[in-house]
Amino acid sequence: MKYSKATNYALHTMLYLVSAAPNKPIGVQLLAERQGVSPTYLSKILTKLVKADLIESASGANGGYRLKRKQEEISFLDIIHAIEGTASLFDCTLNHSSKCLIQQEMVEAERQMEQYLQNKKMSELAGKMTVD
């Protein structure tokens, strides 16, 4: 199973926002530099996180991005869905029946993984790291 680079950047960005200063806006330039990615590319990712109501943007000289929701509420799955969408990872291409045994197993595995990611909060991880 593989997620896009955008999801990787989104997860790391959110972890930084949760751990560094949840209420203080942080500029896209700093967020991009921390990950070695262009600010233009990261801005597109941040736009998706804003649309998902995970973060908000603040304009002005001291503007940037900050959390919109309580950090304890933000799960890995929230961030992944904001970037990747909610479509299933597996879709049986055979036209044999909606009761495909392979499809059922894959959907169940995906459900368990999503449950784990929904229960894993960014704030838990932030408590384990040091911000430089």
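A crossing of two helices is called left-handed if the near helix is turned anticlockwise from the far one by less than a right angle, and right-handed if clockwise. Keep that in mind for the second stop.

Before you click: this is a predicted model, where local features need pLDDT of at least 70, side-chain atom pairs count only at pLDDT 80 or more, and totals for chains, interfaces and linings use all residues. Numbering starts from 1 along each chain as its sequence is written, and side-chain values use heavy atoms, with hydrogens and water left out.

**Stop one: the entire chain.** Show it as a cartoon and trace the order α-α-α-β-β-α-α-α. That's 6 helices and 2 strands, taken as DSSP runs (helices H or I, at least four residues; strands E, at least two) and numbered from the N terminus. The C-alpha atoms fill a box of roughly 60 × 30 × 25 Å along the principal axes.

**Stop two: α1 and α2.** Select residues 5-20 for α1 and 28-35 for α2. Their axes, lines fitted to C-alpha atoms over the stretch in contact, come within 10 Å and cross at roughly 120°, with angles running from 0 to 180 degrees between N-to-C directions. The crossing is right-handed. Which residues make the contact? Show Asn8, Tyr9, His12, Thr13, Tyr16 and Leu17 on α1, then Leu30, Leu31, Arg34 and Gln35 on α2; contact here means heavy atoms within 4.5 Å.

**Stop three: contacts across the chain.** Back out to the chain again: among contacts between residues at least 6 apart in sequence, 64% join residues at least 24 apart.
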